[in-house]
Amino acid sequence: MASDQRLTGGGTDGNERLTAAAGVLLLVLFVVLGVTIVRIGQLLWLHLFLGMLLIGPVLLKLASTGYRFARYYTANPAYRRKGPPATPMRLLAPLVVLSTVVVFGSGVALLFAGPSSRSTLFPIHKFSFFAWLAITGVHVLGHLADLPAPLRADYGLDQGISRLGGRQPGRDGRVLALAGMLVAGLVLAVLLIPEFGPWVNGFHGFHHH
């Protein structure tokens with residue numbers, strides 16, 4: 001297979017596979033993030049770290065779904081033939097994007113503004129998180145049945161080891177994109193560790209107050 005096909009091939013199916021893989025990665029990380037919220041007193045540092053790490057995979061998921069949106073509404077023949085998502089999911093999508101941007105944007109703003117912003121930015125982050133949780137929960141449930149097929153296509157072992165050798169068009173590029181954005185998020189989180197100090201050190205004072 002030509003190297004360009006290994007990196008950029010796959011068309012609409014490749015886009016679906018990348019979106020599914022990014023969604024599963026996010027789902028796993030969100031579950032861990034949820035644990036940090038339950039034990040926020042002991043795991044605030046991990047909550048902050050994961051919040052920054054997640055930015056990379058979140059951007060990848062938004063990019064892959066946004067690409068499908070743009071190709072469909074600019075009348076690309078392949079994406080037109082594939083069709084849009086089901087109507088309820090299509091109507092929900094703008095709310096998923098908006099709530100995601102608000103919850104992560106307010107989280108980043110809180111980190112840099114420091115604990116002094118607790119009375120102003122924290123309510124935005126808190127209530128946007130609950131809205132995001134409800135909206136994203138419906139979004140995940142609506143797409144859950146669609147995940148196994150695209151994941152098996154790129155990562156399944158049931159049809160031979162060749163699938164793990166990059167034979168699927170564009171698979172190498174999708175793996176690189178997924179790994180690259182995960183590493184980018186990890187690097188961002190590591191670089192921002194010094195910003196965690198005021199929050200971690202001041203948390204118990206705020207909590208008891």
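**View 1. The lining of the second largest pocket in this predicted model divides into 18 nonpolar, 4 polar and 2 charged residues.** The space within the second largest pocket comes to about 690 Å³. Its lining is made up of 24 residues, and those closest to the centre of the pocket are Ile37, Ile40, His47, Phe122 and His125.

**View 2. Gly41 is placed in helix α3, which covers residues 40-53.** With a relative accessibility of 28%, Gly41 counts as partly exposed. Although Gly41 and Val200 are 159 residues apart along the chain, their C-alpha atoms are separated by 8.9 Å.

**View 3. The largest pocket of the predicted model has a volume of about 1,100 Å³.** Its lining consists of 38 residues, and Thr19, Lys61, Thr65, His139 and His143 are the ones that lie nearest the centre of the pocket. The elements that give two or more residues to this lining are α2, α4 (55-73), α6 (87-113) and α7 (121-143), and α4 gives the most, with 9 residues. By residue class, the lining of the largest pocket divides into 22 nonpolar, 10 polar and 6 charged residues.

**View 4. A nonpolar patch on the surface is formed by Leu27, Val31, Leu141 and Leu144.** Together these four residues have about 370 Å² of accessible area. Val31, which belongs to helix α2 (residues 11-38), has a relative accessible area of 54% and is therefore exposed.

Key:
Residues numbered from 1 in each chain as written. Predicted model: local features only at pLDDT ≥ 70, side-chain atom pairs only at ≥ 80, totals over all residues. Heavy atoms only, no water. Helix = DSSP H or I, 4+ residues; strand = E, 2+ residues; numbered from the N terminus. Buried < 20%, exposed > 50% of the residue type's maximum accessible area, 1.4 Å probe, protein only. Patch = residues over 30% accessible without salt bridge, like charges linked within 9 Å, V, L, I, M, F, W, Y side chains within 5 Å. Areas by Shrake-Rupley, 256 points an atom, 1.4 Å probe, with all protein chains shown as cover. Salt bridge = Lys/Arg side-chain N within 4 Å of Asp/Glu carboxyl O. 1 Å grid on protein atoms, 1.4 Å probe; cavity = no way out; pocket = protein on both sides within 12 Å on 5 of 7 lines; lining within 4 Å. Points joined across faces, edges and corners; volume = space filled by probe spheres on them. Nonpolar A, V, L, I, M, F, W, Y, C, P; charged D, E, K, R; others polar.
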